[in-house]
Amino acid sequence: MSSLPLQDTPNLYGRLSRLAHWGGALLVITMLAVGITFDEAPRGSEFRASMKALHISLGASAWLLLVGRILWRVKQNRAGLSPRPLSTVGWQLLLERGVHIGLLLALTALLCSGPLIVWTGGKPINIFGLLQLASPLTENKGLHTALEEGHELMANLLFGLLVLHIVGALRHGLGSLRRMSGPVRG
């Protein structure tokens, strides 16, 4: 087995892409789970408040990963290093690309609406108790409610896109899984 390259190749994802993919997947799934947990917890409870604080801190941290991943993907695409799509049929190729773009857009919408929800609620963003981002906005209950509803809708859309992404990867079989997680054969 040879060592995994840092950059992507036409047939497989390199170390950096794999790290961004699986780290992002873990972060997104954790944020979805924590978001559902705090949403279902009794209002005013200490548990709900701690889950909400964790969700907000993770969301603020996710910005760095998302921006880094987008920049890396653009760099790899421009250099012609991104693995080729697995689908060859027109509609399947469109679905494959659409799901990937949809995932990035849904994540971006969630990461934009999250801070706005906190700020229109009249609070600063507290990141793991280490850093506070003061609100550039004034409290606005109407906008706050609309943003919360949009955030929940986007989270549901993201969940659906994740399911499609996983089904697509499984449909492509071991070739797909090896490109993003399997060993490199020498």
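This is a short tour of a predicted model, from overall confidence to the nonpolar core and then to one helix pair.

**Start with confidence.** Colour the model by pLDDT. The protein averages 89, and 96% of the residues score at least 70. Select strand 1, residues 125-127: confidence is highest here, at a mean of 95. Now select helix 5, where confidence is lowest, at a mean of 76. Where pLDDT is low, predicted coordinates should not be read in detail.

**Go to the core.** The largest nonpolar core holds 17 residues. Show V28, L32, L103, L158 and L162, the residues with the most contacts inside this core. Next, display the elements that each give two or more residues to the core: helix 1, helix 2 (46-78), helix 3 (90-120) and helix 4 (141-172). Helix 3 provides the largest share, six residues.

**Centre on V28.** Which residues does V28 contact, leaving aside its neighbours within four places in sequence? Select L107, L158 and L162: these are its partners.

**Finish at helices 1 and 5.** Select residues 15-40 for helix 1 and 174-181 for helix 5. Their axes lie 8 Å apart, and the helices pack at an angle of about 105°. Helix 1 is therefore roughly perpendicular to helix 5. Show side chains at the contact. From helix 1, pick S17, R18, H21 and W22; from helix 5, pick R178, R179, M180 and S181, which they meet. What classes of residue make up this contact? Two are nonpolar, three are polar and three are charged.

Terms used:
Residues numbered from 1 in each chain as written. Predicted model: local features only at pLDDT ≥ 70, side-chain atom pairs only at ≥ 80, totals over all residues. Heavy atoms only, no water. Axes fitted to C-alpha atoms, helices over the stretch in contact; angles between N-to-C directions. Helix = DSSP H or I, 4+ residues; strand = E, 2+ residues; numbered from the N terminus. Parallel < 35°, antiparallel > 145°, perpendicular 65-115°, else oblique. Contact = heavy atoms within 4.5 Å. Nonpolar A, V, L, I, M, F, W, Y, C, P; charged D, E, K, R; others polar. pLDDT = per-residue confidence, 0-100. Core = buried A, V, L, I, M, F, W, Y, C linked by side-chain atoms within 4.5 Å. Buried < 20%, exposed > 50% of the residue type's maximum accessible area, 1.4 Å probe, protein only.
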